[in-house]
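I opened my notebook beside the model and jotted down what I looked up. Here are the entries, in the order I made them.

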Amino acid sequence: MIIPKQKPLEEILQLTDAFENILVIGCDGCSGIYQVGGVKQAETLATLIRMARKLQGKPVEVRHTLVLRQCDRQLVATTLRPQLENTDLLLSLACGVGPQTLVDVFPDIQVLTAVDTFGMGGKDRELGHYFEYCRGCGDCLLNETGGICPMTRCPKALANGPCGGMRDGKCEVGDYKNDCAWYLIYQRLKAQGRLDLFTKYRPPRDWRIAQSPRKVEL
Amino acid sequence: MSPQRPAYSDLMKSLNAGKFTFTGEIEPEKIGSMDEVLEGAHKLVGHVVAANVTDIPQSFAYMNSLGPSYIIQQEVGLEAVCQMTCRDRNRLALFGDLLAAGAMGIKNILSLTGDHPSLGDTPEAKPVFDLDSASLTHLIRKITDEGKDLKDNDIHNPPKFHVGVAANPGAIPIEPEILKLERKQAIGAEFVQTQVIYTIQEAQDFMNHIKHIKIPTLIGLCPLRSYKIAKWVTDFVPGMTVPDALLEQMEKLSKIEDKPTRKEKTYLLNVQYFGSLVKEIRKTTQAAGCHIMAIGFEEIVKEIIAESGVR
Ligand code: SF4
Ligand code: SF4
């Protein structure tokens, strides 16, 4: 899923300072599932903004709502259109796709995001952190690299790793605390008896495939 | 394999002739003139066949390698091994620099992936890594063997290069390192310069591991200017350990009050230690030579070589 993280409250309060009628919009997709921008978080944020503004002596009308998926233009239109009267700010709690969809659908209303987005990955509930596993390069290498993505998990996105910075299976970036992606690839391919895939030379990638913005025909 | 290819550089001629070969290293730092570079180069000329010129090493914002490589060849007569990393330039810029290197008479390129920018003094920099050491090696081969760019377009008067690569004898585990060298051999790397080792055991082990690889390999050595540096290497550089006996001797010398005496004794210890290490490497391994990195005290290189009795 997409990895979202709410911006610091201070920053959100500053961003919303000049608005009078705010609609905080959660998303029940990735952001909701990760409990960063679901309906509960939208409600909490609405309350916090309301309280802060009251304390500042600048009361504000803040409501909250939820879109099933903020990346879906049609869902955004049908869910939000009936709720927009007098609204001067749409504050999105979705990943970076959500606010842009809001801009597409409601070009006349200000849209701000309360979230920073960190790409595609997953969450380890026990460790309590997210990890990035895919950057959507458009030419997936996983079938050749033992199911481990060097484009995302190697900070240099090397096609022919590991680099000389690998020590004891750890990466030079981040003080040798993180696994070297190419070491993991080596281990997997070795276990599968496919070290030929490791030794194989991979020519430079065609970056046009990864060139943004992309439109993908399904 | 390299022996069948013509040799365009003194380095390659020496390696092809099977001579035990020495290379040195020049590190242009945060400087705006060539004075220091030339001073270092002068101390090496006549003692090493060629000297590496570093390319923004460890991602510290330093002078590049291309200019100083040209200047040490022109002004000092010291052949350059121009290091090129993939950290800062995409394939267009690397190709452009290679053409310029050719026009400047540079013959040896060391193809490196490069350290990540986050390791250096400007960690905010955007990492490029459009190519890596393997694909840069491939590009250099294409230019040299076919006279073409990556898209098979002809180059007018294509330059001729020899391309070297790095290897790390201290890699743990060692197998991926060996497989990488196999990959680079298949692409056409012509010489290897290793990361630093401190004991004959490390040199022997590594040369045994790569017995099947037929690329001449120069073992990396780095004399230790002071006990502080030796201790730092052991404590903080992963995969590098100065042997206890040497460390103890250096510690003892570091306690000498008189600075000139302390410096001289430390210097002599280095000459003896690394001189006999070179001798052993030559006697007991298949290494093609040694790459001696003595940044800032290049004069020690000739003493180590003399001590080793190789020449
Ligand atoms: S290779 Fe590309 S598509 Fe496949 S996981 Fe990595 S970034 Fe995603
Ligand atoms: S150590 Fe491994 S993961 Fe880190 S940059 Fe090098 S190859 Fe990539």
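This is a predicted model: local features need pLDDT of at least 70, side-chain atom pairs count only at pLDDT 80 or more; totals for chains, interfaces and linings use all residues.

**Domains of chain A**

I began with the layout: chain A splits into domain 1 (2-118) and domain 2 (135-209), with bounds from an automatic or database domain assignment. The centres of these two domains, taken over C-alpha atoms, are 38 Å apart.

Residues are numbered from 1 along each chain as its sequence is written, chains are lettered from A and ligands numbered from 1 in the order in which they are written, and side-chain values use heavy atoms, with hydrogens and water left out.

**Sheet in chain A**

Next I found an open antiparallel sheet of three strands in chain A, ordered E1-E6-E7. Strands (E, at least two residues) and helices (H or I, at least four) are DSSP runs, numbered from the N terminus, and two strands pair if DSSP finds at least two bridges between them. E1 (2-6) and E7 (129-134) of chain A each have a single partner strand, so one side of each lacks a neighbour in the sheet. I counted four bridges between E1(A) and E6 (residues 115-124) of chain A, and Gln6(A) sits opposite Val115(A) in E6(A).

**Helix pair in chain B**

Finally, I checked H8 (residues 227-236) and H9 (residues 244-254) of chain B: their axes come within 9 Å and cross at roughly 145°. Axes are lines fitted to C-alpha atoms over the stretch in contact, and angles run from 0 to 180 degrees between N-to-C directions. Tyr227(B) and Lys231(B) of H8(B) are among the contact residues, as are Leu247(B) and Met250(B) of H9(B); contact means heavy atoms within 4.5 Å.
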